[in-house]
Each structure stands twice: as C-alpha cells, then as structure tokens.
Amino acid sequence: MLDAALASTETDDGVRLSLRIENAGSEPVTLDFRTGQRAEFTAYPADEGAEGAAADGDDPVWRYGAGRMFTQALGSEAIGPGEAVGYEATWRDPPSGTYRVVGEATATDRDVRAETVVAVE
C-alpha cells in the first residue's frame with residue numbers, strides 16, 4: 001500500500017513542491033515508468049466555495065512537465081516496506097491567487113497522487 005503526501009513551501013523564486021510516496025505495506029512495491037519523468041505537478045484555480053477544490057472542468061494554470069523534455073527510456077523504482085521516495089519541482093513566479101495543486105507519480109501501473117492548497121501572495 002502506497003501513501004502519498006504533497007507539501008509546498010514558498011521561496012524567493014516561486015513555490016517548491018515536494019511529493020513523498022511511502023510504502024506502508026509489508027511487501028516491496030515497484031513503480032514502472034515510461035520516461036525519465038517520475039512525477040507530475042499540476043496547479044488548478046481553487047474554487048473558494050468548495051473548500052479549495054477546483055471546479056469541474058477547470059484547465060490547469062501550470063503543469064510541471066509542460067514544455068519539458070524527458071529521457072525516453074523505460075525505468076523502475078523499488079520501494080521497500082517502510083521506505084519512501086521523494087520528488088520535487090519548483091513552480092517559478094506563479095501569479096497571486098489560491099490554487100489546488102496535484103502531485104502524482106507518473107508510474108504506468110499505479111495511481112499515486114496527493115493534493116494540497118497553495119496560496120500565493
């Protein structure tokens with residue numbers, strides 16, 4: 001069983017995002033990837049009337065992988081019981097506002113994701 005948590009920290013040049021994935025089970029888990037990208041981070045406008053949840057159909061304001069190139073090689077990452085892996089990205093110079101940010105592993109065989117609300121001043 002994999003547990004995911006997403007944390008955000010405001011920095012001088014933007015918002016640093018950290019996705020932590022922990023194996024809470026008793027058996028090793030392997031994440032398989034199609035490219036060198038291990039995680040995707042996506043920011044959506046927050047709908048203040050729905051406790052930070054984005055409204056259905058909202059387009060992303062920012063996506064980490066947009067416009068980036070990743071190695072086109074298969075890869076995998078094993079996570080042992082009680083172990084964790086982390087992935088980070090920085091959203092540089094985001095516009096002011098409140099956002100729902102989703103961090104997810106780009107693994108082909110697992111749906112591992114976490115969300116957080118980020119307020120940018």
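**Ground rules.** I number residues from 1 along each chain as its sequence is written. Because the model is predicted, local features need pLDDT of at least 70 and side-chain atom pairs pLDDT 80 or more, while totals for chains, interfaces and linings use all residues, and side-chain values use heavy atoms, without hydrogens or water.

**The sheet.** I looked up the strands (DSSP runs of E, at least two residues, numbered from the N terminus) and their pairing (at least two DSSP bridges between two strands). I found an open sheet of 3 strands, ordered β1-β2-β7 and paired antiparallel. Its edge strands are β1 (2-11) and β7 (84-92), each pairing on one side only. The twist averages 15 degrees from one strand to the next, with axes fitted to C-alpha atoms and angles running from 0 to 180 degrees between N-to-C directions.

Next I checked β2 (residues 14-23), which pairs antiparallel with β7 over 9 bridges. Which residue in β7 is the bridge partner of Val-15? I found Trp-91 there.

**The rings.** I searched the whole structure and got 5 aromatic pairs. Rings of Phe, Tyr and Trp (its six-membered ring) pair with centres within 6.5 Å; planes under 30 degrees apart are stacked, over 60 edge-to-face, the rest tilted. Tyr-64 and Phe-70 are tilted, at 6.3 Å centre to centre and 50 degrees between the planes. Trp-91 and Tyr-99 are edge-to-face, at 4.9 Å and 75 degrees.

Ring pairs link Phe-41, Trp-62, Tyr-64, Phe-70, Trp-91 and Tyr-99 into a cluster.

**Burial.** I used under 20% relative accessible area for buried, over 50% for exposed, and partly exposed in between (1.4 Å probe, protein chains only). Trp-91 and Tyr-99 are both buried. Tyr-64 counts as buried because its relative accessible area is 18%, whereas Phe-70, at 22%, is partly exposed.

Note on methods
Helices (H or I, at least four residues) and strands (E, at least two) are DSSP runs, numbered from the N terminus.
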